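Trainee: I've got a model open and a few things to ask about it. Can we go through it piece by piece?
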Amino acid sequence: MRIVIKVGSNVLTRSDGHLDITRMSAIIDQIAWLNSQGNEVILVSSGAVACGRRELKVNHDLDTVEQRQLFSALGQVKLIGLYYDLFREHHLHIGQILTMKENFIPGEQYENQKACMTVMLENGVIPIVNENDTVSVTELMFTDNDELSGLIAQMMQADMLILLSNIDGIFTGHPDDPQSKIIPTVAPGIDLSEYIQTEKSAFGRGGMHSKYTTATRVQQSGIKVIIANGKRENILIDLITQQDSTPHTVFLN
């Protein structure tokens, strides 16, 4: 099975904005297990800007674009280095893919990107994908990495897309409301927009609205999509081995 896993900034960072190495390591342990079971995994990872922001203290004003370019350039090095060290403990090879929205327009760049990830998977290398924030600005940017992961899942004809957030899935109300209940399954064509909160996540550009938009679009392509809580212990393993008893929302294909 080919699985695209998107890990957001709110999963990879602590409440103080620092990278959560323990959580990152736990997710990699689970990806290694998925790999050992014969699955092909593509990881779409946020976190570069958060990493970079903690590396350098700037004593003058930077505009929004300058901040993204500076901190992502710094942070991507640290992020991929951590991934390299943690995956190496499992004797797994990784490769970095930094991409832009224009690479998903049908044509030579699209085919080259697809061919690159295909040959990586064929040779047992796990692609780690992120937006190239150093050159992607304003209208050239993805809405967020939810959108990017959906495009990757469609490009690579994945069997499943897993969007890891910091909540368990889509609820009938605010997740903090004890009266709210998780919506476990979403059949094609079902509209859940009335239940979607519009606020952005604390450290990323996305939120549940972007996950819902991505999930419905990818679902229409015949790919199963799961929204789940990346901070739950063994969430990826549980979604495979005991899905019925694991809190999540699945968009059925």
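This is a predicted model: local features need pLDDT of at least 70, side-chain atom pairs count only at pLDDT 80 or more; totals for chains, interfaces and linings use all residues.
Trainee: Which residues of α6 are buried?
Mentor: The buried residues in α6 are N145, D146, E147, L148, S149, G150, I152, A153 and M155.
Trainee: And what happens just after α6?
Mentor: Q157 sits there with a positive phi of about 50°.
Trainee: How do α6 and α7 pack, in terms of angle and axis distance?
Mentor: Helix α6 covers residues 145–155 and helix α7 covers residues 208–219. Their axes are 9 Å apart, and the packing angle is about 15°. An angle under 35 degrees counts as roughly parallel, so α6 is roughly parallel to α7.
Trainee: Is the crossing of α6 and α7 left-handed or right-handed?
Mentor: The crossing of these two helices, α6 and α7, is right-handed.
Trainee: Which residues make the contact?
Mentor: From α6, D146, E147, G150 and Q154 take part. From α7, the residues are S210, K211, T214, R217 and V218.
Trainee: How many of the residues in the contact of α6 with α7 are nonpolar, polar and charged?
Mentor: One is nonpolar, four are polar and four are charged.
Trainee: Take S210 in α7. Buried or exposed, and why?
Mentor: S210 counts as buried because its relative accessibility is 12%, and buried means under 20%.
Trainee: Which side chain does S210 join through a polar contact?
Mentor: The side chain of D146, in a polar contact of 2.5 Å with that of S210.
Trainee: Apart from neighbours within four places in sequence, what is S210 in contact with?
Mentor: With those neighbours left aside, S210 is in contact with D144 and D146.
Trainee: Changing topic: where does L70 lie?
Mentor: L70 is part of helix α4, residues 64–88. L70 has 30% relative accessibility and therefore counts as partly exposed.
Trainee: Which residues is L70 in contact with, leaving aside those within four places in sequence?
Mentor: L70 is in contact with L56, V58 and L62 on that basis.
Trainee: Last one. How many residues and how many Å apart are L70 and I237?
Mentor: In sequence, L70 and I237 are 167 residues apart. In space, the C-alpha to C-alpha distance between L70 and I237 is 36 Å.

Terms used. Residues are numbered from 1 along each chain as its sequence is written. Side-chain values use heavy atoms; hydrogens and water are left out. Axes are lines fitted to C-alpha atoms, for helices over the stretch in contact, and angles run from 0 to 180 degrees between N-to-C directions. Helices (H or I, at least four residues) and strands (E, at least two) are DSSP runs, numbered from the N terminus. Angles under 35 degrees count as roughly parallel, over 145 as roughly antiparallel, 65 to 115 as roughly perpendicular and the rest as oblique. A crossing is left-handed if the near helix is turned anticlockwise from the far one by less than a right angle, and right-handed if clockwise. Contact means heavy atoms within 4.5 Å. Ala, Val, Leu, Ile, Met, Phe, Trp, Tyr, Cys and Pro count as nonpolar, Asp, Glu, Lys and Arg as charged, and the others, Gly among them, as polar. Buried means under 20% relative accessible area, exposed over 50%, partly exposed in between (1.4 Å probe, protein chains only). A polar contact is a pair of N or O atoms within 3.5 Å; within protein, one must be able to donate a hydrogen and the other to accept it, and residues adjacent in sequence count only if both atoms are side-chain atoms.
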